[in-house]
Amino acid sequence: MVSGLVKRYLYIVVWVLGSLLFVPKTQAQEKQPFLCELGLQGGCGYYVGDAAPHIFMYPREAYGVHFRYKFTKRWALQVKASGQRITAHDYTLKGEQLETMWQSQMVNVDVMAEFNFFRFGSANKYDKRIRPYTPYIFLGIGAGVYGLNQSKTNVAAYIPLGIGFKWKFSTVCGLNIAWQHNIYMADNLEGRDALDNKHQLNGWNWMNCDLTGMFTVGIVFEFARAKKECRICNY
């Protein structure tokens, strides 16, 4: 009988110790999602206006950095700073239409709301709807400084909007592809009197605003995990 009590006591001790060792290990394996990310992107940009009527007519380099805060699996806020060089032929110079080109260096800062088509994030056994990839759309407001390499520098507001694709290929890293359009509240991105305000429609005229765009590919790095809603939950 004594031997039976000893075996039962040892069994209880082993079970308690095993439980104490197992619970912290399980909780450590279940990690909360990241709330923030930093990213770098690069690609090509273009301008559409009086001197270039089509997108990607005169593509040039474009680059930027961004910060993204994720409110939910679907909604996020992105703050981005980007730069690009726009250029086109100067058709106002007779006899030199094909040789002479103008260019304008631009810097933009915008704030955009994003909506993911899928619930985006790392795989989670408690929510099978979450996917490591998703297409998304975005819309916001911004301000651009242009003509930095010219005698006169200008500032104008614009509306950034576009579509993109996100892919989370590791725990803290991901890939972003985005096609962004910036609709400016101005018609003087060229910095040339003969091209600016060609039809006397400058100002807040939606039918005669210049437009720039960027097609970029970037890498993102996530940080700042969310806090657990309760201490004993694994999710």
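The exercises below go from the whole chain to single residues of this predicted model.

**Exercise 1. Overall make-up**

Task: Find how many helices and strands the protein has, and the pattern they follow along the sequence.

Solution: 
- Start with the count: the protein has 1 helix and 10 strands.
- Next, read along the sequence, where the pattern is α-β-β-β-β-β-β-β-β-β-β.
- Then turn to burial: of the 235 residues, 39% are buried.
- Finish with the surface, which comes to about 14000 Å² of accessible area, with 66% belonging to carbon and sulfur atoms.

**Exercise 2. The barrel**

Task: Work out in which order the strands close into a barrel, and in which sense they pair.

Solution: 
- Trace the neighbours: 8 strands close into a barrel in the order 1-2-3-4-7-8-9-10, and the pairing is antiparallel.
- On average, neighbouring strands of this sheet are turned by 25° against each other, direction ignored.
- Now look at the pair formed by strand 1 (residues 34-48) and strand 10 (residues 211-225), which is antiparallel and runs over 14 bridges.
- As a check on sequence range, consider contacts between residues at least 6 apart in sequence: 65% of them join residues at least 24 apart.

**Exercise 3. Positive phi angles**

Task: Locate Phe56 and Ala224, and give the phi of each.

Solution: 
- Recall the background: most residues other than glycine have a negative phi.
- Phe56 is not a glycine, yet has a positive phi of about 55°.
- Phe56 sits in the loop between strand 1 and strand 2 (60-70), and is partly exposed at a relative accessible area of 32%.
- Ala224 also has a positive phi, near 65°.
- Ala224 belongs to strand 10, and is partly exposed with a relative accessible area of 36%.

**Exercise 4. A nonpolar patch**

Task: Which residues form a nonpolar patch on the surface, and which strand gives the most to the patch?

Solution: 
- List the members: Leu38, Phe67, Phe71, Trp75, Leu77, Val79, Val111, Ile141 and Phe223.
- Together these residues have about 810 Å² of accessible area.
- Assign them to strands: strand 3 (residues 75-89) gives the most, with 3 residues.
- Then test one member, Phe67, which is in strand 2.
- Patch members need over 30% relative accessible area; Phe67 is partly exposed at 31%, so Phe67 passes that cut-off.

Terms used: Residues are numbered from 1 along each chain as its sequence is written. This is a predicted model: local features need pLDDT of at least 70, side-chain atom pairs count only at pLDDT 80 or more; totals for chains, interfaces and linings use all residues. Side-chain values use heavy atoms; hydrogens and water are left out. Helices (H or I, at least four residues) and strands (E, at least two) are DSSP runs, numbered from the N terminus. Buried means under 20% relative accessible area, exposed over 50%, partly exposed in between (1.4 Å probe, protein chains only). Contact means heavy atoms within 4.5 Å. Accessible areas come from the Shrake-Rupley method with a 1.4 Å probe; for residues, only the protein chains shown count as cover. Two strands pair if DSSP finds at least two bridges between them. Axes are lines fitted to C-alpha atoms, for helices over the stretch in contact, and angles run from 0 to 180 degrees between N-to-C directions. Patches are made of residues with over 30% relative accessible area and no salt bridge: like charges are joined within 9 Å, nonpolar side chains (Val, Leu, Ile, Met, Phe, Trp, Tyr) within 5 Å. A salt bridge is a side-chain nitrogen of Lys or Arg within 4 Å of a carboxyl oxygen of Asp or Glu.
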